[in-house]
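Me: I would like to learn how to read the features of a structural model, beginning with a single residue and ending with the whole chain. Please give the general idea each time and then the case at hand.

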Amino acid sequence: MTDISLPRTTIDWSTSEAKTRRSRRHAAEKRLRLYGLTAIGIAIGMLFILVASLVYTGYQAFFQTMIRLQVTVSSELVKPDNIEGGNYRVVVRDAMLKAVPGVTSPADQRALIQIISTDAPFVIRNMVAADPSLIGQTFTINVPASDPFDQLNKGVIPRDVPEDQRRVSDKQIGWFDQMAAKGMVSMPFNWGLFFNADSRFPEQAGLAGAIVGSFYALLVCFLISFPVAIAAAVYLEEFAPKNRWTDLIEVNINNLAAVPSVVFGLLGLAVFLQFFGLPRSAPLVGGMVLSLMTLPTIIIATRAALKAVPPSIREAALGVGASKHEMIMHHVLPLALPGILTGTIIGLAQALGETAPLLLVGMNAFITAPPGGVLEASTALPTQIFIWADSPERGFVSRTSAAILVLLMFLIVMNAIAIYLRQRLERTW
């Protein structure tokens with residue numbers, strides 16, 4: 001047999017030309033590494049700038065200025081048989097006049113009461129309604145300061161500017177300083193940011209309604225998209241014949257994964273609200289719209305997880321007498337479960353951050369209490385951020401950044417759960 005192999009050529013790396021070529025290759029490799037490190041550095045730097053700006057702007061929302069008052073609920077102002085109809089505004093006024101004595105004129109008294117939140121009478125009313133034995137007694141209560149004085153205490157409103165350029169007067173600042181000197185002013189952690197619903201007043205606004213609404217919407221999204229996506233992926237990967245129709249379906253699924261979310265919002269508005277007449281602003285509708293958006297993502301992730309299972313697993317199961325159904329349910333799906341759960345959680349995390357489709361189906365309702373079910377009017381974290389960002393009050397600026405941080409924390413937790421489940425359930429073969 002004739003040897004047809006090509007003759008080998010040897011390069012003398014000691015020549016100047018070879019050294020030049022080698023130095024050029026090394027220089028190109030260093031430049032490539034430098035480009036990669038530069039890109040990573042820029043990405044980390046931009047991420048740091050984003051998080052730092054959010055923390056710098058929003059950390060103040062996690063603390064709330066509170067004022068401690070000695071409140072006397074007189075039986076003349078609050079009747080035991082009509083607790084809800086009591087004159088709690090006078091109760092608050094008397095408590096403020098006791099804290100800052102010497103304020104006599106009606107105009108000054110009105111200015112003095114503006115130091116505390118307008119919700120203070122309702123806080124006292126709720127306490128008395130929960131414990132009627134407080135009628136006729138004097139007790140201590142912490143009430144939120146109004147937004148201008150909360151911003152003043154946090155240094156957002158400067159004291160050294162002319163009086164006509166700030167929202168608080170010199171006289172009000174003097175009264176506030178008197179209460180601070182008496183130890184009546186504190187700034188504890190603002191649990192109301194998580195346990196209060198939305199409000200027109202920044203000092204009372206919280207994320208409870210948005211968190212509960214997002215939970216219900218994601219629950220509906222999961223209950224619809226998870227089983228439907230897995231069933232569709234299993235059929236396309238294990239049962240469907242390879243022809244032009246299945247190819248068309250696969251192409252459309254891949255294309256739907258790249259469709260802008262606002263299109264799904266328009267679809268939900270036209271189908272779920274206008275055609276089927278489902279309630280507007282309900283988490284049920286929001287979850288159904290989000291499920292349409294996440295279905296392609298979960299289907300693609302599930303098919304990729306099924307493809308990653310070695311063919312030998314299928315052949316071994318069929319070889320010992322298992323049916324195709326048993327092979328899929330008992331062998332293939334359990335091995336593909338880590339990838340399926342990872343794709344599902346990532347799809348739900350993507351749905352959690354969507355705003356446009358939820359705005360189109362009306363999940364931006366102003367609610368003063370968390371929704372009690374999937375059919376009640378609600379809002380969601382992204383839409384709550386949108387609402388607060390559009391509010392003119394200065395206090396909502398920090399609360400908007402704080403809400404973004406809360407949303408990012410939820411996304412980080414969901415991705416951490418996906419990583420944990422993948423490492424926990426992953427098997428090697």
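Me: Leaving aside neighbours within four places in sequence, with which residues is Glu250 in contact?

Reply: Contact means heavy atoms within 4.5 Å. By that criterion, and with neighbours within four places in sequence left aside, Glu250 touches Lys242 and Arg303. This is a predicted model, in which local features need pLDDT of at least 70 and side-chain atom pairs count only at pLDDT 80 or more, while totals for chains, interfaces and linings use all residues. Residues are numbered from 1 along each chain as its sequence is written, and side-chain values use heavy atoms, with hydrogens and water left out.

Me: Is Glu250 buried or exposed?

Reply: The classes rest on relative accessible area: buried is under 20%, exposed over 50%, and partly exposed in between (1.4 Å probe, protein chains only). Glu250 counts as buried because its relative accessibility is 19%. The residue belongs to helix α9, residues 244-256; helices are DSSP runs of H or I with at least four residues, strands are runs of E with at least two, and both are numbered from the N terminus.

Me: How is Asn82 classed, and where does it lie?

Reply: Asn82 is partly exposed, as its relative accessible area is 41%. Its place is the loop between β1 (66-72) and α2 (88-99).

Me: Which residues have the most contacts inside the largest nonpolar core?

Reply: In soluble globular proteins, nonpolar side chains tend to be buried together. A nonpolar core is a set of buried Ala, Val, Leu, Ile, Met, Phe, Trp, Tyr and Cys residues joined through side-chain atoms within 4.5 Å. Here the largest one has 40 residues, and Leu207, Leu290 and Trp388 have the most contacts inside it. Among the elements giving two or more residues to this core are α8 (208-239) and α11 (283-308), while α16 gives the most, with nine residues. Beyond its neighbours within four places in sequence, Leu290 has contacts that include Ala217, Cys221 and Leu358. A second, separate core has 37 residues, including Leu69 and Val143.

Me: What is the radius of gyration of the chain?

Reply: This radius is taken over C-alpha atoms, and the globule rule is 2.2 Å times the number of residues to the power 0.38. The chain has 32 Å, whereas a compact globule of 429 residues would have a value near 22 Å. Along the principal axes, the C-alpha atoms fill a box of roughly 120 × 65 × 40 Å.
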